[in-house]
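Work through the exercises below with the sequence and the coordinates open. Each task is followed by a stepwise solution.

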Amino acid sequence: MIDVFERRIILVSILVMGLFILAIFYAMGARKADVTECLPYDKTYETARVEQLDKTTYQIFYVARMWNFEPSVAYIPVGSEVDLFVTSNDVVHGFNVYNKNVNLMAVPGGVTKTTVRFDQPGVYKVVCHEYCGTGHQNMQAEIIVNYPKKQ
Amino acid sequence: MTQPDNSENFVPRGAIAFFAFLIALGLIIWFGIYFLMLERI
């Protein structure tokens, strides 16, 4: 027979864990929090570029190498939804967009993808957050989000 | 003189309060980060 206090503690723990799981489903479902994907590798991902799919949808194909990201600067209008594809040419790098929910690994021979929406204008720094050698601390890029008329 | 045996009526108030504190702290930290990340989507 379980002690009454023990039973209450187990019940509270189950309720709290249930709350966490519901919160995760809420973020994924109602708020459409994107989950990072690993895509099948293709040589075309080694060409760094920015592509516009329609007025507010962009794709940026990043190539990380010691010690920079290409493209180093990308211009995006406010309110755009951007698919980020990241791969590496040499070693494992990190890919973190400041103030955004983006935290990817750039892996040689692999492609990681996520989608992010830029509703606020500004300069969003991209930094490498996986130690990759002596120039690691200088490895960064910028996503410049400005008003469409100023682009 | 022997102490009266109160073990039958013992309630672990300290442990309950500490457990409740840990649960509340865990919720605050977890949901603090959770809503911060939701803002950044």
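**Exercise 1. Two cis peptides**

Task: Place A:Pro71 in chain A, then find which residue joins it through a cis peptide bond.

Solution. 
- Step 1. A:Pro71 sits in the loop between β4 and β5 (73–77) of chain A.
- Step 2. The cis bond links A:Glu70 and A:Pro71, with omega about 0°. Keep in mind that this is a predicted model.
- Step 3. A cis bond also joins A:Met66 and A:Trp67, again with omega about 0°.
- Step 4. A:Trp67 belongs to the loop between β3 and β4 (68–70) of chain A.

**Exercise 2. Salt bridges**

Task: State how many salt bridges there are over all chains, then work through three of them with their accessibilities.

Solution. 
- Step 1. The count over all chains is six.
- Step 2. Take A:Arg65 and A:Glu70. Their side chains form a salt bridge at 2.6 Å, N to O.
- Step 3. A:Arg65 is partly exposed at 22% relative accessible area. A:Glu70 is partly exposed too, at 37%.
- Step 4. Take A:Asp119 and A:Arg117. The closest N and O atoms of this salt bridge are 3.2 Å apart.
- Step 5. A:Asp119 has a relative accessible area of 40%, so it is partly exposed. A:Arg117 has 36%, so it is partly exposed.
- Step 6. Take A:Lys43 and A:Glu46. Here the closest N and O atoms are 3.8 Å apart. The cut-off is 4 Å, so the pair counts as a salt bridge.
- Step 7. A:Lys43 is exposed at 61%, whereas A:Glu46 is partly exposed at 28%.

**Exercise 3. A histidine in a loop**

Task: Decide whether A:His136 is buried or exposed, and list what surrounds it.

Solution. 
- Step 1. Locate A:His136: the loop between β10 (122–127) and β11 (140–146) of chain A.
- Step 2. Its relative accessible area is 16%. Buried means under 20%, so A:His136 is buried.
- Step 3. Set aside neighbours within four places in sequence. A:His136 then contacts A:Trp67, A:Cys128, A:His129, A:Glu130 and A:Tyr131.
- Step 4. Look at A:Glu130. Its backbone oxygen lies 3.3 Å from a polar atom of the A:His136 side chain.

**Exercise 4. A glutamine in a strand**

Task: Find the strand that holds A:Gln59, its accessibility class and its contacts.

Solution. 
- Step 1. A:Gln59 is in β3 (residues 57–65) of chain A.
- Step 2. Its relative accessibility is 15%, so A:Gln59 counts as buried.
- Step 3. Leave out residues up to four places away in sequence. A:Gln59 then touches A:Arg49, A:Val50, A:Glu51, A:Leu53, A:Asp83 and A:Phe85.

**Exercise 5. The contact between the chains**

Task: Describe the contact of chain B with chain A by residues, area and polar pairs.

Solution. 
- Step 1. Chain B gives 14 residues and chain A gives 18 residues.
- Step 2. About 1500 Å² is buried between them, and carbon and sulfur atoms give 76% of that area.
- Step 3. B:Phe19, B:Arg40 and B:Ile41 supply 39% of what chain B buries against chain A, more than any other three residues.
- Step 4. The side of chain B that touches chain A has 13 nonpolar residues, no polar ones and one charged.
- Step 5. Between the two chains there are zero salt bridges. Two residue pairs are in polar contact, both at pLDDT 80 or more.

Note on methods. Residues are numbered from 1 along each chain as its sequence is written. Chains are lettered from A and ligands numbered from 1 in the order in which they are written. This is a predicted model: local features need pLDDT of at least 70, side-chain atom pairs count only at pLDDT 80 or more; totals for chains, interfaces and linings use all residues. Side-chain values use heavy atoms; hydrogens and water are left out. Contact means heavy atoms within 4.5 Å. Buried area is the accessible area (1.4 Å probe) that two parts lose on being put together, summed over both. A polar contact is a pair of N or O atoms within 3.5 Å; within protein, one must be able to donate a hydrogen and the other to accept it, and residues adjacent in sequence count only if both atoms are side-chain atoms. Ala, Val, Leu, Ile, Met, Phe, Trp, Tyr, Cys and Pro count as nonpolar, Asp, Glu, Lys and Arg as charged, and the others, Gly among them, as polar. Helices (H or I, at least four residues) and strands (E, at least two) are DSSP runs, numbered from the N terminus. Buried means under 20% relative accessible area, exposed over 50%, partly exposed in between (1.4 Å probe, protein chains only).
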